[in-house]
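Colleague: Can we go through the charged residues in this one? Keep it quick.

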Amino acid sequence: MRRRNPLLTASLIATALAVLPGCGSPPALRGAPAASATGPSRDPGEFSRAVDVGDGRRLWLSCRGSGAPTVVLESGLHDSSDTWTLTDTRPPVPKAPAVFPGVAAFARVCTYDRPGTVRYTNPPALTTRSTRQGGTRSLGALADDLDRLLTAAHVPGPYLLVGHSFGGMITRLYAQRHPGKTAGLVFVDAFGTDMEPYFGARWPAYLKLLDNPGTPFDSDPAFEKVDVDGAIGAVRAAKPLPKVPMAVLSKTQPFAAPAGTAKALLAPLERSWPAVQQTLVELGEQTPHLLATGSDHYVQLHDPDLTISAIRLVAGRIRFGR
């Protein structure tokens with residue numbers, strides 16, 4: 001059974017497995033979301049709570065571990081922070097801890113729920129841990145939310161920013177706007193600014209699919225929607241990225257798609273992706289490009305060990321000034 005791809009369809013693996021006939025709940029996903037604010041914690045530095053970011057809004061944040069630099073995990077479009085606390089490894093990839101607890105073994109690590117993102121619960125649901133936020137949001141607003149959250153929660157910087165999928169656009173703009181707060185970057189099969197030419201006249205249809213992927217939440221006013229064209233423009237207009245250590249992780253398997261997805265959208269997506277990943281590599285100097293053999297777009301779920309290793313590599317370069 002092929003998995004649905006959240007970058008193309010903006011839906012979740014857990015959603016796909018739970019709703020396809022005969023699949024039931026998603027048994028392949030291992031692990032659990034980070035401890036709740038009321039649950040017990042073995043780590044005195046661990047917390048999970050809603051943080052007041054002003055304007056009557058709260059964002060749910062979870063942090064664990066110790067040691068600099070602080071690693072910040074940014075999820076992809078429509079994804080809650082659950083993507084960093086679960087795994088879906090299959091042979092020959094060995095079992096490994098999820099990225100969030102795996103990184104906590106050697107660094108302080110934090111992740112959070114953006115408003116309107118989907119929880120990997122059974123059944124899936126929009127997060128209630130962060131204040132609902134309707135309407136189409138700009139990339140600038142998302143980057144501002146991240147900065148307000150980290151500041152309000154007194155999370156020590158500078159940060160090693162890890163962005164999956166469209167989350168890579170958020171961390172990229174954050175780094176461009178806050179170079180002094182950015183220690184390093186890891187792009188996990190991240191979205192880029194150079195895809196539109198591959199789609200031509202089909203680009204608007206692709207953007208519509210991103211915002212309306214066919215989930216049960218598409219018509220919910222709180223479901224996360226983003227101005228992708230505006231996001232690309234914002235990244236291009238911002239200052240260059242700071243010269244910090246980086247790494248790029250990329251999938252090797254084709255994008256999967258739900259039944260009925262037009263092949264006319266899949267073909268340009270596949271053609272664009274190697275170029276998108278190479279452009280990310282070229283953003284920095286001596287940036288390692290790691291291929292997650294056998295993984296689809298959710299590299300952090302299918303190959304958490306490689307994802308953790310990439311973060312550890314960049315963290316080491318930051319610590320030793322390489």
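Modeller: What follows covers salt bridges first, then one glutamate.
Modeller: This is a predicted model, where local features need pLDDT of at least 70, side-chain atom pairs count only at pLDDT 80 or more, and totals for chains, interfaces and linings use all residues. Residues are numbered from 1 along each chain as its sequence is written, and side-chain values use heavy atoms, with hydrogens and water left out.

Colleague: How many salt bridges in the whole structure?
Modeller: The search finds 13. A salt bridge here is a side-chain nitrogen of Lys or Arg within 4 Å of a carboxyl oxygen of Asp or Glu.

Colleague: Which side chain meets Arg119 in a salt bridge?
Modeller: That of Asp82, at 2.7 Å, N to O. Arg119 is in strand 7 (residues 118–119), and Asp82 is in the loop between strand 4 (70–74) and strand 5 (86–87), so the pair ties together parts 37 residues apart in sequence. Strands are DSSP runs of E, at least two residues; helices are runs of H or I, at least four; both are numbered from the N terminus.

Colleague: Is Asp82 buried or exposed?
Modeller: Buried, at 1% relative accessibility. Arg119 is buried too, at 12%. Buried means under 20% relative accessible area, exposed over 50%, partly exposed in between (1.4 Å probe, protein chains only).

Colleague: And what does Arg129 pair with?
Modeller: Asp82 again, in a salt bridge at 3.6 Å, N to O. Arg129 sits in the loop between strand 8 (125–126) and strand 9 (136–137), so its pairing with Asp82 ties together parts 47 residues apart in sequence. Arg129 and Asp82 are both buried.

Colleague: Switch to Lys251. What is its salt-bridge partner?
Modeller: Glu270, at 3.9 Å, N to O. Glu270 is in helix 9 (residues 263–281) and Lys251 in strand 13 (residues 246–251), 19 residues apart. Lys251 is buried at 10%, whereas Glu270 is partly exposed at 29%.

Colleague: Which residues do shared partners join into one network?
Modeller: Asp82, Asp113, Arg119 and Arg129.

Colleague: New topic. Where is Glu224 found?
Modeller: In the loop between helix 7 (203–211) and strand 12 (225–226). Glu224 is buried, with a relative accessible area of 3%.

Colleague: Which side chain makes a polar contact with that of Glu224?
Modeller: Arg114, at 2.7 Å. A polar contact is a pair of N or O atoms within 3.5 Å; within protein, one must be able to donate a hydrogen and the other to accept it, and residues adjacent in sequence count only if both atoms are side-chain atoms.

Colleague: What else is Glu224 in contact with?
Modeller: Leaving aside neighbours within four places in sequence, its contacts (heavy atoms within 4.5 Å) include Gly76, Leu77, His78, Leu142 and Asp211.
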